[in-house]
Amino acid sequence: MRLSWWKLTSIFLLLYAVVGGMFLPVPELPQLGETIRNLYYHVCMWFAMMILFTISVIHSIKYLRNGDYTHDVKARSYAGVGTYMGILGYATGAIWASYTWADPNNPAYASFGSIMREPKLIGAAIALLIYGAYFILRSSINDMDQRARVSAVYNIFAYAMLFPTIWIIPRLLPSLHPGQEGNPALNFNDIDSRMRMVFYPAVIGWTLLGAWIATIKIRYTILLEKKWNNNEK
Amino acid sequence: MKNSILSIIFILFASLVNAQQSAETSPMAFDMRSNGKIYVVVAVLLTIMIGLILYIISVDKKISKLEKE
């Protein structure tokens with residue numbers, strides 16, 4: 001079997017992100033130190049999540065326009081992988097924050113629980129829970145057409161809710177999380193040019209990996225549907 | 001005379017270098033890099049990444065096989 005070009009690109013970029021992300025020079029900042037390299041992994045999870053959710057909502061809209069069942073399968077798979085990457089981003093962020101934000105001299109940030117009380121983190125949690133409800137909604141409807149239609153509409157709502165929860169509200173409130181004034185990691189003033197050399201390829205690599213996993217899920221689901229249809233005949 | 005001036009300049013330079021070293025407070029992983037142990041970490045990461053990639057390739061292959069049937 002020959003791998004298609006974008007799968008090979010994903011493999012190459014991910015290996016580059018691991019090796020380059022560990023070896024290439026990074027700016028030396030107080031507090032962060034070597035953990036700044038997490039940018040290549042933790043932030044990429046959120047970027048990949050956002051791109052995968054965008055693909056998902058495009059498929060939902062396509063489903064509503066032409067009623068093609070495969071679009072529903074695609075929307076569900078991309079949303080699934082996107083949510084998974086969001087959970088990974090949340091988990092890696094919790095690890096990172098507990099080593100860089102914790103401050104024994106400041107009682108407000110002494111414990112893990114007080115660190116996690118951040119507008120950005122709460123917003124991200126709400127966004128992930130809204131997507132969690134998407135899957136619960138799907139599994140609660142037995143009729144296939146109805147499930148596809150209702151969940152496509154809900155998916156558009158969930159995507160729209162991403163903007164207030166992870167883009168707007170965190171920007172309005174003070175937070176320890178970087179990216180208060182502008183777009184974190186995209187702003188040309190706050191990301192070092194040396195880091196951009198690894199960061200952008202890493203974003204593409206992780207996103208393609210997510211898309212790869214999603215296509216495998218899509219193909220599996222379609223195969224399963226075919227099998228059931230054959231059994232019924 | 002010349003020698004003493006040179007030596008004073010040299011001492012000034014040396015103290016400057018020292019001051020710079022103490023000014024660098026951000027603790028980067030100098031030890032890991034200097035004794036080469038960072039390579040161990042990268043090797044572990046690469047093993048995991050390659051392992052996961054091989055796994056996803058094998059799943060991809062299995063699906064392709066099923067699709068052909």
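Visitor: What does chain B consist of, and how do you know what counts as a helix?
Guide: Chain B has 3 helices and 0 strands. Helices (H or I, at least four residues) and strands (E, at least two) are DSSP runs, numbered from the N terminus. Along the sequence, chain B reads α-α-α. This is a predicted model, in which local features need pLDDT of at least 70 and side-chain atom pairs count only at pLDDT 80 or more, while totals for chains, interfaces and linings use all residues. Residues are numbered from 1 along each chain as its sequence is written, and chains are lettered from A and ligands numbered from 1 in the order in which they are written.

Visitor: Why is Leu173(A) called exposed?
Guide: A residue is buried if 20 or more other C-beta atoms lie within 10 Å of its own, exposed if 12 or fewer, and partly exposed in between, with C-beta atoms placed from the backbone. Leu173(A) has 12 C-beta neighbours inside 10 Å, so it counts as exposed. Leu173(A) sits in the loop between α6 and α7 of chain A.

Visitor: What makes Met144(A) exposed?
Guide: Met144(A) has 11 C-beta neighbours inside 10 Å and therefore counts as exposed. Met144(A) belongs to helix α6 of chain A. In chain B, buried residues make up 0% of the 69 residues.

Visitor: What makes a set of residues a nonpolar core, and how many residues has the largest?
Guide: The term covers buried Ala, Val, Leu, Ile, Met, Phe, Trp, Tyr and Cys residues joined through C-beta atoms within 7 Å. The largest such core has 51 residues, and Cys44(A), Ala48(A), Leu52(A), Ala202(A) and Val203(A) have the most contacts inside it. Among the elements of chain A that give two or more residues to this core are α2 (42-66), α3 (69-100) and α7 (193-232).

Visitor: Why are α2(A) and α7(A) called oblique to each other?
Guide: Axes are lines fitted to C-alpha atoms, for helices over the stretch in contact, and angles run from 0 to 180 degrees between N-to-C directions. Angles under 35 degrees count as roughly parallel, over 145 as roughly antiparallel, 65 to 115 as roughly perpendicular and the rest as oblique. α2(A) and α7(A) pack at about 50 degrees, with axes 9 Å apart. The two helices α2(A) and α7(A) are therefore oblique.

Visitor: What is the class make-up of the contact of α2(A) with α7(A)?
Guide: That contact has 11 nonpolar, 2 polar and no charged residues. Here Ala, Val, Leu, Ile, Met, Phe, Trp, Tyr, Cys and Pro count as nonpolar, Asp, Glu, Lys and Arg as charged, and the others, Gly among them, as polar.

Visitor: What makes α2(A) roughly antiparallel to α3(A)?
Guide: α2(A) and α3(A) pack at about 160 degrees, with their axes 8 Å apart. Since the cut-off is over 145 degrees, α2(A) is roughly antiparallel to α3(A). By class, their contact has 15 nonpolar, 10 polar and 3 charged residues.

Visitor: How do you know which residues of chain B are in contact with chain A, and how many are there?
Guide: Two residues are in contact if their C-beta atoms, placed from the backbone, lie within 7 Å. On that basis, 20 residues of chain B are in contact with 18 residues of chain A. The chain B side has 14 nonpolar, 3 polar and 3 charged residues.
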